[in-house]
Amino acid sequence: MGYVQWSLSDPATSETYSFSINPNDGGSPAFKKKISYVPTSSPRGRQIVFEGNSDPVTLDFSGLIVEPAFLHVLKSWYDKRRQVRLTDDLGRSFWIYIIEFVPERLRIASNPWKHKFTIKSMILDWES
């Protein structure tokens, strides 16, 4: 199996973007339960535990930006105010809403545009 690029697609505009450099960290769903505790008057200090609705499933990933065009593309996808489809190198397809884009400049004289980035998103639906 060869190199498979991550891609983003926007069904509202039919726009698609394939990553030139795949993210190097993250990229799998994160699940978190909502748990709350209530103390009792038990002499041993026992607690009653409640489980509520789970938090939304999130998908975070990070990688490198080595050219200004990629930085601008990621920012433009962040600016979309609607769900988009993310397909990863494992063929998994996620409907996500991007909630955070954090580019961080790396001071490297040979490549002034080098950044590392993190994207945080909420998964609305997915297909394995």
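The model is predicted, so local features need pLDDT of at least 70, side-chain atom pairs count only at pLDDT 80 or more, and totals for chains, interfaces and linings use all residues. Residues are numbered from 1 along each chain as its sequence is written, and side-chain values use heavy atoms, with hydrogens and water left out.

**Exercise 1. The helix and its buried face**

Task: Work out how far helix H1 reaches, and which of its residues are buried.

Solution. 
- Step 1: Helix H1 covers residues 68–79, twelve residues in total. Helices are DSSP runs of H or I with at least four residues, strands are runs of E with at least two, and both are numbered from the N terminus.
- Step 2: From its first C-alpha to its last, H1 reaches 17 Å, close to the 16 Å expected at 1.5 Å a residue. The expected span is 1.5 Å times one less than the number of residues.
- Step 3: The buried residues in H1 are Phe-70, Leu-71, Val-73, Leu-74 and Trp-77. These fall within an arc of 165° when seen down the axis of H1, so they line one face of the helix. Buried means under 20% relative accessible area, exposed means over 50%, and partly exposed lies in between (1.4 Å probe, protein chains only). The arc is that of the directions from the helix axis to the C-beta atoms.
- Step 4: The cover over these buried residues includes E1, strand E2 (15–18), strand E6 (58–65), strand E7 (84–87), strand E8 (93–105) and strand E9 (115–127).

**Exercise 2. A closer look at Trp-77**

Task: Find which residues Trp-77 touches beyond those up to four places away in sequence.

Solution. 
- Step 1: List the contacts (heavy atoms within 4.5 Å). Not counting residues up to four places away in sequence, Trp-77 touches Leu-8, Ser-9, Asp-10, Glu-15, Thr-16, Tyr-17, Val-84 and Ile-98.
- Step 2: Take one of these partners, Asp-10. Trp-77 and Asp-10 are 67 residues apart in sequence, and their C-alpha atoms are 9.0 Å apart in space.

**Exercise 3. Salt bridges**

Task: Say how many salt bridges a search of the whole structure finds, then examine some of them.

Solution. 
- Step 1: The search finds seven. A salt bridge is a side-chain nitrogen of Lys or Arg within 4 Å of a carboxyl oxygen of Asp or Glu.
- Step 2: One of them joins Lys-80 to Glu-15, with the closest N and O atoms 2.8 Å apart. Lys-80 lies in the loop between H1 and E7 and Glu-15 in strand E2, so this pair ties together parts that are 65 residues apart in sequence. Lys-80 is buried at 12% relative accessibility, while Glu-15 is partly exposed at 33%.
- Step 3: Another links Lys-75 and Asp-79 at 2.7 Å, N to O. Being four residues apart in helix H1, these two are separated by about one helical turn. Lys-75 is partly exposed at 37% relative accessibility, and Asp-79 is partly exposed at 35%.
- Step 4: Arg-92 also pairs with Asp-88, the closest N and O atoms being 2.7 Å apart. Asp-88 is buried, at 1% relative accessibility.
- Step 5: Salt bridges with shared partners join Asp-10, Glu-15, Lys-80 and Arg-82 into one network.

**Exercise 4. Four more residues**

Task: Decide whether Ser-62 and Ser-14 are buried or exposed, then describe Val-4 and Ile-35.

Solution. 
- Step 1: Ser-62 sits in strand E6 and is buried at 15% relative accessibility. Leaving out residues up to four places away in sequence, Ser-62 touches Pro-23, Asn-24, Asp-25, Phe-117 and Thr-118.
- Step 2: Ser-14 is in the loop between E1 and E2 and is exposed at 65% relative accessibility. Its phi is near 65°, a positive value in a residue other than glycine.
- Step 3: Val-4 lies in the segment before strand E1 (7–10) and is partly exposed, with a relative accessible area of 30%. Apart from its neighbours within four places in sequence, Val-4 is in contact with Asn-22, Asp-88 and Asp-89.
- Step 4: Ile-35 lies in strand E4 (residues 35–39) and is partly exposed, with a relative accessible area of 38%.
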